[in-house]
Amino acid sequence: MIFFRSLFLYLLLTFNVFAIPEGVSICLWNAEIASALQYGRQYENNKNIEYHKNKVHSVLIADNHPQWFILKVLEVFDFVWKEFLITEKQSVIFRKTYNVCIKNYKNREDIFY
């Protein structure tokens, strides 16, 4: 039993065989952000797009996120507002955003953190 645990730790430390590929990680991030933005959109459904965009922008600035991060979140924000209805569930938004991202991952310049 100790041998297998030692072998597992050795493989984990040397080869990092359990790492998530970069493309999958990026697409998971995009999908999670899109799902969260849809929640905010549904939570205050009587507000317009400019209100939501300004609110997201001000929250990110208040949390001291870098400008590139804010721009990427706002890019996902625009995607969610253009592509999905307010009535769609967060899980549907997550799945569809992830699938679109994976499909577009062939062009790596379009997908970045």
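The expected span of a helix is 1.5 Å times one less than its number of residues. In this predicted model, helix H5 has 15 residues and reaches 21 Å from its first C-alpha to its last, which is close to the 21 Å expected at 1.5 Å a residue.

**Helix H5**

- An α-helix has 3.6 residues a turn, so residues three or four places apart point the same way.

**The disulfide**

- When the whole structure is searched, 1 disulfide is found, and it joins Cys27 to Cys101 with an S to S distance of 2.2 Å.
- The pair links distant parts of the chain, with Cys27 in helix H2 (residues 22-43) and Cys101 in helix H5 (residues 90-104), 74 residues apart.
- The torsion about the S-S bond of Cys27 and Cys101 is about -75 degrees, and so the disulfide is left-handed.
- Both Cys27 and Cys101 are buried.

**The largest pocket**

- The largest pocket has a volume of about 310 Å³, and of the 14 residues that line this pocket, the closest to its centre are Ala36, Leu37, Gly40, Lys55 and Val56.
- The elements that give two or more residues to the lining of the largest pocket are H2, H3 and H4, and the largest share of that lining, 6 residues, comes from H2.
- By residue class, the lining of the largest pocket divides into 9 nonpolar, 2 polar and 3 charged residues.

**A loop residue with positive phi**

- Asn64 is found in the loop between helix H3 (49-62) and helix H4 (67-83), and this residue has a positive phi of about 60 degrees although it is not a glycine.
- Most residues other than glycine have a negative phi.
- Asn64 is exposed, with a relative accessible area of 68%, and the cut-off that applies here is over 50%.

Methods
Residues are numbered from 1 along each chain as its sequence is written. This is a predicted model: local features need pLDDT of at least 70, side-chain atom pairs count only at pLDDT 80 or more; totals for chains, interfaces and linings use all residues. Side-chain values use heavy atoms; hydrogens and water are left out. Helices (H or I, at least four residues) and strands (E, at least two) are DSSP runs, numbered from the N terminus. Buried means under 20% relative accessible area, exposed over 50%, partly exposed in between (1.4 Å probe, protein chains only). A disulfide is a pair of cysteine sulfur atoms within 2.5 Å. On a 1 Å grid over the protein atoms alone, a cavity is a set of points where a 1.4 Å probe fits but cannot get out, and a pocket is an open set with protein on both sides within 12 Å along at least five of seven lines; lining residues have an atom within 4 Å of a point. Grid points are joined across faces, edges and corners, and a volume is the space filled by probe spheres set on the points. Ala, Val, Leu, Ile, Met, Phe, Trp, Tyr, Cys and Pro count as nonpolar, Asp, Glu, Lys and Arg as charged, and the others, Gly among them, as polar.
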